[in-house]
Amino acid sequence: MPTLVLTRSYDNGRTGSNLTETTLTPALVASKGLQRVRSFHVPDDPRIEAQPLYVPGLQMPDGQKHDVLFVASMGNTLWAFDVNGKGSWHTPQLGAPFEPPATNKPGQHRSTGIDAWGINIKWGILSTPVIDLDAAAPHSRRMYLTNWMLQPNGQPALFLHQIDINRMQEIGQPKPIQASMKNQQGRTVTLQPNQKQRAALLLVPLRGHHKTLFIATTGGESPGAPHGWMVAFDVDTFTQTAAWVSTPSTFGGGMWHASQGPAADAEGNVYAITGNGGYEQHHKNDIRDFNGTTDFAEAIVRLKYTHTGAGATLTLDDWFIPFRDSDRKTDANYDYRDQDLGSAAPVLPPDNTLLLGGGKDGLLYVLDRHHLGKVVDNLSVLKSPPIYVTYDGIGLPVSGNIDFLLGNPALNPSKTHHLHGSPVYWNGSNGPMIFTWGENESLRAWKLNIATGQVTFVGKGAEVASAALANSPVGIGGMPGGMLSLSSNGTHPNTGIVWSLAPIDGDANHDVVAGIARAYDATNLDPTPLDPETPRLKLLWDSQRVGITFNHSKFCTPVVADGKLFVPTYDGTVDVYELKP
């Protein structure tokens, strides 16, 4: 059965698992290896930020059916490529992208007002779009995407577009994404037009009718900065219907998710994880925290959308806050109030009622998504004690803040082990498993007991992301770890492969750095352990073996569909790999 990739990480639960792959198996990838068969070039901007999407058998403007890969660019163009090299198409430019001027900060010579390290050149389509195959005629195959469009005042503004992907033309006019509300203090809180929209779009339901599109925005990192918003659009009428703000009394609470998207369950509830914020600080010893009352920063949230003839509402239905930023410290070496829980996104396994969530602390929180608890700094609502899934897997201390004294090689950890994106969930031939890859560390595999929520270590890879910085005696290492996906032929034995993209040695947050694609066996361990106590995950293949070099796309995951591996890069290309003959 052909595979559809309509949304980030394959499904609205954000599992990261494609369960319909029959060509790429561990045995064949290990024995034959992969070769790059073609590269699709995006000429208007080299930094591909949005995960590619894939629709086989789609009629295109030439009237013929093609297996099509869609790539949205920061240059504000949607590109479409026949994956077998039989044609390409693109939309007209969807408005001029924003090109921020350099600020030339000391030590950050490429910095701009919205990008401290100047990695990006243009700012257009930042988030992963979503494809709707069930829209009403005559435009029954649509894509929804957001972008920044340059305004006459020289500043960017956020817009939502709908694209007829059969014709590769925009439908109607784009809609501005705007929201405001009065908070309990009577102050108007507004979604700013220059807030980033990095999280992938969420379409609920992904298949079916009468759908709602959810758009999450980033917030800010310090008092006075913007607020995180979730905005709802009815796609039948293409109108904005509701919005929710995470921190109406203070700041932050952004939902950036390292480009992963919010998730949805079968009932249509929306789940997200917010970032830092939720407090006021007037001077060093005068801090007032609003989290758990009016504000919900550093929170796992469930939002309920209700649409009736009288209108629509988007309201907070349940939540869990594991810690408060205001309880954490800052020092000259590291800001522990910037340990975003929202650096990763929630995962909703389809075969149980668990929620898996984590963030920069490298901890995995396992909750019953029907009962998040509505508590602050109270871990008793968790299904099992949280553990560090990005480095050593030990449990969280019963009390005390999770502050790591980073940068000291005598301490563990001395480097950051942030979790970005999401864990990958797979209920395969070995039962429920999750896979994680944190900064300055290696891939890890875990068994998940869906009855108790307990997570048990299985093994780890030998290959370390940002290896040179991770092994350096100074500094806190590199970013962002490994971005993951998984392919298998359902639960058939010996078909599961974990795919990863990671920086080889550098820090992808500070520079454009070389990346590497890898494939690991998802179920069978390497016969040679890392040490007597540590099983080793089996590496099947990597892109360096075939002499391929590319610049790493910081938050993009690899995409596998119909026997092909798609690797987005910061070189303005998506590379296509297939089995060698």
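1. Over how many bridges do β25 and strand β26 pair, and in which sense, parallel or antiparallel? The two strands pair in the antiparallel sense over 2 bridges, with β26 covering residues 387-388. Within this pairing, L363 stands opposite Y388 in β26. Strands here are DSSP runs of E of at least two residues, numbered from the N terminus, and two strands pair if DSSP finds at least two bridges between them.

2. A word on the basis of this note: this is a predicted model, in which local features need pLDDT of at least 70 and side-chain atom pairs count only at pLDDT 80 or more, while totals for chains, interfaces and linings use all residues. Residues are numbered from 1 along each chain as its sequence is written, and side-chain values use heavy atoms, with hydrogens and water left out.

3. Staying with β25 (residues 363-368), 5 of its 6 residues are buried (under 20% relative accessible area, with a 1.4 Å probe and protein chains only). On β24 (residues 354-358), 5 bridges join the strand to β25, and the two run antiparallel. G358 has L364 of β25 as its bridge partner. The two strands form a hairpin with 4 residues between them, and G362 in the turn has a positive phi of about 80°.

4. Please also look at the open sheet of 4 strands, ordered β18-β19-β22-β23 with antiparallel pairing. β18 (263-264) and β23 (311-320) stand at the edges with a single partner strand each, so one side of each has no neighbour in the sheet. Further in, β19 (residues 270-273) and β22 (residues 300-308) run antiparallel, joined by 4 bridges; V270 has L303 in β22 as its bridge partner.

5. Now the largest pocket, with about 1,400 Å³ of space. A pocket is an open set of points on a 1 Å grid over the protein atoms alone, where a 1.4 Å probe fits, with protein on both sides within 12 Å along at least five of seven lines; lining residues have an atom within 4 Å of a point. Of its 43 lining residues, A116, K196, E221, D338 and N509 are the closest to the centre. The lining divides into 13 nonpolar, 18 polar and 12 charged residues, with Asp, Glu, Lys and Arg counted as charged and Gly among the polar ones.

6. The second largest pocket has a volume of about 580 Å³. Of the 29 residues lining this pocket, Y10, D11, N12, T15 and P350 lie nearest its centre. β1 (17-18) and β27 (424-428) are the elements giving two or more residues to the lining, and β27 gives the most, with 3.

Conventions
Points joined across faces, edges and corners; volume = space filled by probe spheres on them. Buried < 20%, exposed > 50% of the residue type's maximum accessible area, 1.4 Å probe, protein only.
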